[in-house]
Amino acid sequence: MSKSLLKGIEGVFIPVKNPEISAKWYEEILGFRLIYIEEEAAVMKIHVQAQTVVCLVRTKDHQPMEFPNNDFGVGKYYNFISDDIEETYRSLIEKNVRVNQIGGEGTSRFFTFYDPDNNPLGVCQ
């Protein structure tokens, strides 16, 4: 087996209408921490120990992310990891976030939720 050329993901880029408004939502609803913001983008840490950052990028003529039709059942580009998927699900519902039902079984469970720009985002455990 050959050695991997890569060791992780530095950043995830999400298209948004307004980085400032979106950053506030990601901070208040998901608990992300703002690293810096400018007119065209906001860079946020998912968790204090996470290496991956989320970059909310202002897009012209914004369209929510749409995963191409497939037979695998995937409808989003990203899955965030949760220690307690039930708690995460309840918390998002309590905060009036649009969420789909929890799917999967056993140790592989997941659901999709939507940010204010209607981008589908996933949670898995």
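**Exercise 1. Find out how E1 and E4 are joined, and where E1 sits in its sheet.**

*Solution.* Start with the pair itself: six bridges join E1 to strand E4 (residues 53-58), and the two run parallel. Strands pair if DSSP finds at least two bridges between them. Helices (H or I, at least four residues) and strands (E, at least two) are DSSP runs, numbered from the N terminus.

Next, look at one pair of residues: Ile14 stands opposite Leu56 in E4.

Now widen the view. The order E1-E4-E3-E2 describes an open sheet of four strands with mixed pairing. Strand E1 (11-16) and strand E2 (33-38) are at its edges, each with a single partner strand, so one side of each has no neighbour in the sheet. On average, neighbouring strands of this sheet are turned by 20 degrees against each other, direction ignored. For such angles, axes are lines fitted to C-alpha atoms, for helices over the stretch in contact, and angles run from 0 to 180 degrees between N-to-C directions.

A word on what you are looking at: this is a predicted model, in which local features need pLDDT of at least 70 and side-chain atom pairs count only at pLDDT 80 or more, while totals for chains, interfaces and linings use all residues. Residues are numbered from 1 along each chain as its sequence is written, and side-chain values use heavy atoms, with hydrogens and water left out.

**Exercise 2. Work out the strand order of the sheet that holds E5, E8, E7 and E6, and follow its pairings.**

*Solution.* Take the order: four strands form an open sheet, E5-E8-E7-E6, and the pairing is mixed. E5 and strand E6 (103-105) stand at the edges with a single partner strand each, so one side of each is left without a neighbour in the sheet. From one strand to the next, the twist averages 25 degrees.

Then walk through the pairs:

- E5 and E8 pair in the parallel sense over three bridges, and Asn79 stands opposite Gly122 in E8.
- E7 and E8 pair in the antiparallel sense over five bridges, with Leu121 in E8 as the bridge partner of Phe113.
- E6 and E7 run antiparallel and are joined by three bridges; here Gly104 stands opposite Arg109 in E7.

Finish at the turn. The hairpin of E7 and E8 has five residues between the strands, and Asn118 takes a positive phi near 65 degrees there.

**Exercise 3. Trace the aromatic pairs around Phe111.**

*Solution.* The structure holds seven aromatic pairs. Rings of Phe, Tyr and Trp (its six-membered ring) pair if their centres lie within 6.5 Å; planes under 30 degrees apart count as stacked, over 60 as edge-to-face and the rest as tilted.

One of them is Tyr89 with Phe111, an edge-to-face pair at 5.0 Å centre to centre, with 85 degrees between the planes. This pair links distant parts of the chain, since Tyr89 lies in helix H2 (residues 85-94) and Phe111 in strand E7 (residues 108-114), 22 residues apart.

Phe111 also pairs with Phe113, this time tilted, at 6.4 Å centre to centre and 55 degrees between the planes.

Are Tyr89 and Phe111 buried or exposed? Both Tyr89 and Phe111 are buried. Buried means under 20% relative accessible area, exposed over 50%, partly exposed in between (1.4 Å probe, protein chains only). Phe113 is buried because its relative accessible area is 1%.

**Exercise 4. Describe the largest nonpolar core and the elements that build it.**

*Solution.* A nonpolar core is a set of buried Ala, Val, Leu, Ile, Met, Phe, Trp, Tyr and Cys residues joined through side-chain atoms within 4.5 Å. The largest has 24 residues, and those with the most contacts inside it are Ile14, Tyr26, Leu56, Phe111, Phe113 and Leu121. Two or more residues come from each of E1, helix H1 (19-30), strand E3 (41-45), E4, H2, E7 and strand E8 (120-124). Which element gives the most to this core? H1 does, with four residues.

As for E8, this strand is mostly covered, with four of its five residues buried.

**Exercise 5. Contrast Asp61 with Cys55.**

*Solution.* Asp61 is found in the loop between E4 and strand E5 (79-81). Asp61 is exposed because its relative accessible area is 73%. Cys55, at 10% relative accessibility, counts as buried.
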